Each structure stands twice: as C-alpha cells, then as structure tokens.
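The points below are grouped by topic and follow the displayed structure.

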Amino acid sequence: MGHAAIIAGQGFNGVSLASILLLTALGLALSFGLMNVINMAHGEMLMVGGYLSFLATKMVHGPLAFPFALLLSFAGAALLGALLEVTVIRWLYGRPLDTLLATWGVSLILQQAARSLFGAIGVEVVAPHWLEGSVSIEHGLLAGLSMPYVRIFIILLTVAVLGLLMVFIARTRWGLYLRAVHQDREMAQALGVNTRWVDLVVFSMGTGVAGLAGAALALIAPVTPTVGQSYVVYAFLVVIVGGLGSLFGTTLAALLVGLFSAGVQMFTSISLADVWLLVLVILFIQFRPKGIIYQRSRAMKEA
Amino acid sequence: MKKWSALSLDIVLLAALALAPLYLSAYHLSLLGRFLALAVLSLGISVIWGWGGILSLGQGVFWGLGAYVLAMHLKLTGLAPGDLPDFMMWSGLDHLPAWWKIFEHPAVAIAGVVVIPTIAGGLLAWLVFNRRVSGVYFSLLTQALALAFSTLLISQQAYTGGFNGLTDFSTILGHPMIDPGFQRNIYWITLGVLVLASIACRWLTHTAFGRVLVAIRDGESRVRFLGYHPAAYKTIAFAFGAMLAGISGALYVVHVGVISPAMVGVIPSIEMVIAVAVGGRSSLTGVVLGTLLVNFGKDWISSAMPEMWQLAMGALFILVVTALPQGLAGIPGLVEKLVLWSKGKREAKMADQPAIALVEKD
Amino acid sequence: MGTPLLSVENVTVSFNGFNALDGMSLHLMPTSIRVLIGPNGAGKSTLLDTIIGHVRPSAGRVVFKGHEITRMDEYKIVRRGICRKFQAPGILDNLTVAENLNLAARRHRECWRSFSVGLNKEVRAQVERVLTLVGLNDRKHALAGQLSHGQKQWLEIGMVVASDAELLLLDEPAAGMSHDESAQTAALIRELAKQHSLLVIDHDMAFVDQLDAPVSVMHMGRMLREGTLEEIRNDPQIAAVYLGRVKEVSVA
C-alpha cells in the first residue's frame, strides 16, 4: 500500500468519524444555540439509538429490518429527548451550568439502566447484506485503499440528514420559528411564536438525530452502555469549534476534528491524538473564541 | 446572630473531627482521613464554582497531578539506589527519566505537589478566560481535559505505570506507611491541612478579591466596564482551586497508597463536583460536610449494592440541582423562609438577605 | 478653546458589512455635557461601545486626554477615566446598593491589589458622597435587584460617578422614569457637569431640554448637525430625518 493510499485511507476514516461526530453534534449545537443549554445526556441518546437498532434487528427480519432500525432509533431517542426536555431541562431555563449537572445525572441513570438491561458487554448489530463488503482500489496511485460500504453509508446518511435539516430550517414554518427564536427570543414570543414548543421540537429532533448516529455507529462498533460517553466529548469540542447554532460551522468543525484525529493517528497513538486535539481546540479559541461562524447581531451586542 | 450559629457549627464540626480517633475504629478513621483529604479539593471547587461561577468538570486532572507527583516520590524512595520502578523495567526503560528523578528529593516533591497543579490550572484558565470563553464552554473543555489526561496516563505505560498506576509504597520521609501510629499521624496532618485550607478560603472570600469574584459571576461585563479585568480574577481563583486539588491528591495518595488513571478521569472529576453540590457550593462548611456525606454514602452503597451507586449519584445530581441548588447549606435558609412565610413576614425579610444569594444567574 | 477631553475622529464600525458608524467624528471639552440624539439605528449606542472599547472600529481613531485608546481593552480604557451606564440597568442584583458602589469606587482594580479585607477611608467617603448625590442613602443595604426601576437607573449613574471617571457615558439615563424622576435626573447631570464631562444619549426631548446643553444629531452612523436644541428643532433637514418622529421633536 503506497503513501497516497494510506493518506487517502486515513482521510476516509476521518470523514467517516466526522460524520458520526456531526450527527451527534448537530442536536447539541442546535439546542445550545437556541436555549443556551448543553445536554450532557446527549451521548446516551446515541447509546439508546444503538440499543434500539439492536432490538429492531432482533424483532424484524428481512430487507426491512435495517430501515426499521433507523426509524426506531430516531423515534425512540426523539421521544426520550422530549421527555427529558419536559421533565428536567425546561425547569432549569437560564441556569446552563445547573442544566449541565442535572442532565449529567440523567446520563448516569441511563447508562446504569442500559447496563442492567443489556449487560456491561456490548451487543452487536449485524449490518444488512447490501452493506457487506467494500470498495477496493486495486491499481494506480491509491492501490490498496479499501472503503467499507458501511462507512460510505454512514457518510451518505449524514449528508442526507444535513440536507433535510437545512431544508427544514430554511423552508418550513417550524424552521422559521426556530430562526426567529434563535435571533430574538422575546421578540419571537411577542409575535406569537410558542417558544416552548419550538424548544421542545428542536431539542427532541436533535436527540433523534443523535439516536440515528447511534444506529449508524452500531454498524461498525459494538453498542455498550458507555458508547455515548466516548463520542460525546468530541462532539462537545465540535460545538465549541463550530460556534453558536450554525449548521455550516458545526459541519466544518466536525470535519476538522474528524480529519485532525485521523491525521494525527498516522503519526502517534490514539491517546496522544486526544491530547493534541485538545491543544488544537485551545489554540483555536485564541484566534476564534466564538467559533468558526459567529453572527454578530444587535441582541448580542448589548452587554 | 447568624454569624455565631455558623461559627458554632464550625467549632462543633472541628471538635468532632479532632476527637474522631477516640471514637472511630481504625477502618472508619482511615476512611474519614481520606475523605477529609478530598474535602480540601472540595473547598477549592467551592471557591471557583460557588463564588466564581466557574464549573470545572476536570478537577481530577489537578488532583491527579498532585497525586502523581507525590506517588512518584514515594515510588522512588522505596527503591534501592540505581533501581528502576518495576513497570519501567517491564516496559524496557533502562534509566530513570530526568523528570522522575527530580522528585526524589522530598522538598522538590512537596513543591511540585503545590506548584505544578497551580501552574497547569492557571495556564488553562488564562488561555480560555482571556479570550472570554467561559460558562458551559469552559466546563466542556475541562471535561475534555480530564478525558485526555486519563487516556494519556494509561497510554504512557513506561512512565506512568499505565492502567495500574503507581502503588506499592513502603515509606514516607523514612516512616513506614502501614504502621497504625502513622495512620493516626497522617489523619492529624490531613485535618490540619484541611483547617488551613479552610481558613485560606474564608480569608480569600472575604477580601475585595472575593467580592469582585462574586460580582464577575453575576455580571461579568458590568464588572469589566468598571475597570476590572475579569480574566485575571478568574484565573487566580482557578489556579487557587487547582492548588488545593493538587494538595488534596497528594494527601489522598498517602492515605490509600495508590494512584491510577481510573481515579482522575471524567467520572471521578464529576463525583468531586457532586460532593460540593450536595454540601452547598457556596458554603465552606457545607462542602466539607457534603464531601464526607457523599463519600461515606458511596462507600456504604457500593459495598452493599455496587450497581446502585451510579443510579444514586445520578438521582442525587438531578435532585440537588432542581430542588436544593444551595445544597445542605441551603436547608436552614429554606426552613427560615418557610417559617417567615407562614408568619407573613416575607416582604420585610426580603430586604436584607445576605449579599451572596447564591443561585446561578447568567 | 483648550484641547478636547475626548476626540472621536472619522470612526467607522461595520457589522457583517453594514456600517453602524460611518466616518463619525465628535469632540468633547472637559466639564461639559453633550447630548446625542438621532433615530433608532443611527449608531448612538455603537458610538459609546466604540469609545469604551467594546467594539473595535475598522477605521478612524479615538483619543482621550491626548492618548489614543482606539484598540485598548475595555478595562484599561475604564481605568484611564471613562465609565459607561448601559441602556438596560447594568447593576449587580445580588449585591447591596452599597456593595455595588464599593465595587465601582475602589481605586485599585488590579487583581494583585485586591487581597485586602475591608474598605479604605477614601472609598468609604466616596460611597457616602455618591449615596447622597443619587438619593439612595436610605436604601444603602437593600439588594440592588429590589430597587424600583428609577432607583436602579440612579444606582447605575451613581456607580459611574463613584468610579471617579472624568468622562461619563450615559445611555438613556432617564428611560422609563416618571416626569419628576427624570427632572431630578436632569438636575443631577447638570450638577455632575461641574466636575465631569458627560455624553448623554436620550430620546426624550423634554429631558434633553432640561439638560440645557449642546446637541449632536446622528444619522446613518454619521454626525448630521450640532447645535443648541433650539437650532436643531428649527432645522428642516433634521425633521426630515426623523420622518415619523417629526411630531415628537416639534412638540417637545
């Protein structure tokens, strides 16, 4: 395998990691931009999505099993997110650090629940037949490069979700509400937008997408009670780098983090890659403390 | 009046702790000792969170730095001259790295315990706060730091002992560590350090520095427009908290005789926060009580029903944050409010509540 | 003509391509009042933001007491003697009135000089003086959050005064005040002008009239006209600028 193939391979891995990170970070970034709230149990939505997809493939067989798994993991995580918003987050409005801690408590409970239900050892989701195998390049510059179908599928799924989300925000009535509340909550309220519903819908949609991420992740790695924890910390970094509530910024940040991690791993170990990633993020905020994309608005200006 | 009752609570608590060797079994005394060591860390969290409004989810890092520095010293003093720690030999190292060697001298080790976490904490805080990144962002960064720190420790097997960490210490400053008399002495020393740390925190929070810190917590930009530089205040506060964390870590190592990555990562770091939240983030007495309570509770629950601890901790987080944001220290205030309310005097009392009304506000 | 205390020279500030300030200039003499008026979005608040260092201009400069302060950090500018009152009262709700003023009155705001307990005599005297000045003596130990709206405004003016700044920037000091309160505020500002320079933004022409000071009209991020309130009122161009607000100007 030539250098070019190795680099291309790591690039491909980076993009596929970035896809999962992006699916995880989208919900975080949206609700953070909207409600100034970080949900520490967001990683567990990933975990729930993974387990739901495992259950779905146990319940249903045949060609519909996998689409059903995706649907179930989205719906289940979205429902759980809605429940979380209504029972905990809504009551802590304007106290972001307390929300952090309370949702952390939720995350611990969900992890333990998963451990009791499914055991500490991971469960495997078998990918459907049509996702077995990989694209292999035999000749030329990239000879030896192999790209598994599952990873390609994850990347495509992410692109699709991103596209749908963009259409949702730009074209639908709820998307308009979202943008209005994001820009000026009080004004939107005064104009008759039910901000509570907007918060709820956006939050639960975000957790639903994280559930999808979990289902996608289940295709390439076993689902464990702590699977969410290992991804969500990077997703948090993506949110920090991406800036407040901007899909474009979040996407760019996810690609940056994913490619950086994959790139650094060519030269050093995975654990050192973690350290370098953190150093990169801290350096990054020296230059762009508000993230890649930062919309300066009049509302933010007032101290 | 209020001041006196608070002071008398402190005195009762101190007396109970000072007399503990008389009425506690050796096992429980050793537990109490290590929890008092953790209380030193809690005091630091209280200053940075309760007063400064900075929530660190990575205190385990600074605690771990102090702990590892002292553990390195203990490891070295237990070796015959020219020997290497066992895990270094297994990993094929043939000589002691210089940054290990320097901690052989006890004075250097003690200085390292205090200085290294302080500088690390101060540096991180400055880099972040000076760019006006704070609040939730800072909490997330500290959590990422805790994750990176523990994975780094695990991966650098040859230098850190990897997953198993550092253990098998025999003597400290020439004293054998398993001796029961030594256990008692180390209890006294821990209590003494805790009292000193507590006095330092009380002093700090009563200076102009403490006032400005509270003001920054409640209205950072207002304070900036009065000519203060918030990042400087927050950095000093955070470095102070990191210093107490380092000292706490070192004391803990002496008590338990082991330090490993599992003790400094994301989960332990958040457990450090819950102890403070339960006690009351802005009550220096409360956080000491909270630390003892949570840790004894943890010890009890995890020996009786191991799988329950995580559930209990999760429930505790939700409960404290939603129902009792001022922790145990908030209970007297709540009771008082309730009594006053039932007497219909609520209005009158509202006018002179203490200056530090400690509900988070952004 | 002496040298101005503050000179804003050709300052341009843009947000996402929109020029909130567009070649704005202004000069302010020591111990004087200047009132800034102009329609919404004229750039009045942005001008104060720029002077205090909260917003960095893309062109032009700001000179205070002969020193350029254009790209300095806010806290350094404040330490040089400029203090600002915000539109929405920027007081610390969880501190008492006296504590708010203490914070503003402290002479040593550097971190390393803050490790002392108690207040020195000078600061104490300053706080007492300001309490009397803004008429909050009897609410001294009340939490700032529990003051009435007018009292909050006065407390913040008091904080700005207590900081001993030479230049005070007041953004709508009389907003939301009753007629009497706003008259008192005007008297207070005239009193302050004996020792300080003040740059005051306000929409309320009755209030502006009571200040009895030269008026600068801003429009589209630029200085449109300077003069007495009387001259401004009679200027047809200004009436045109205000469009819907013509009535308000002429009635006042």
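The C-alpha centres of domain 1 of chain C and domain 2 of chain C lie 26 Å apart. This is a predicted model, in which local features need pLDDT of at least 70, side-chain atom pairs count only at pLDDT 80 or more, and totals for chains, interfaces and linings use all residues. Residues are numbered from 1 along each chain as its sequence is written, while chains are lettered from A and ligands numbered from 1 in the order in which they are written.

**Domains of chain C**

- The domain assignment gives chain C a domain 1 (1-81 + 167-178 + 193-252) and a domain 2 (91-164); such bounds come from an automatic or database domain assignment.
- Seven residues of domain 1 of chain C are in contact with seven residues of domain 2 of chain C, where contact requires C-beta atoms, placed from the backbone, to lie within 7 Å.
- On the side of domain 1 of chain C that touches domain 2 of chain C, there are four nonpolar, two polar and one charged residues. Ala, Val, Leu, Ile, Met, Phe, Trp, Tyr, Cys and Pro count as nonpolar, Asp, Glu, Lys and Arg as charged, and the others, Gly among them, as polar.

**Overall form of chain C**

- Chain C contains ten helices and ten strands; these are DSSP runs numbered from the N terminus, with helices (H or I) of at least four residues and strands (E) of at least two.
- Along the principal axes, the C-alpha atoms of chain C fill a box of roughly 60 × 40 × 40 Å.
- Of the 252 residues of chain C, 48% count as buried, a class that needs 20 or more other C-beta atoms within 10 Å of the residue's own, against 12 or fewer for exposed and values in between for partly exposed, with C-beta atoms placed from the backbone.
- Among the contacts in chain C with a separation of 6 or more, 65% join residues 24 or more positions apart.

**Chain B against chain A**

- In this interface, 40 residues of chain B are in contact with 35 residues of chain A.
- Helix 7 (106-129), helix 8 (136-155), helix 13 (266-279) and helix 15 (308-323) of chain B each give two or more residues to the side that touches chain A.
- Helix 8 of chain B supplies the largest share of that side, 14 residues.

**Residue K298(B)**

- K298(B) lies in helix 14 (residues 284-304) of chain B.
- K298(B) is partly exposed because 17 other C-beta atoms lie within 10 Å.

Key: Two residues are in contact if their C-beta atoms, placed from the backbone, lie within 7 Å.
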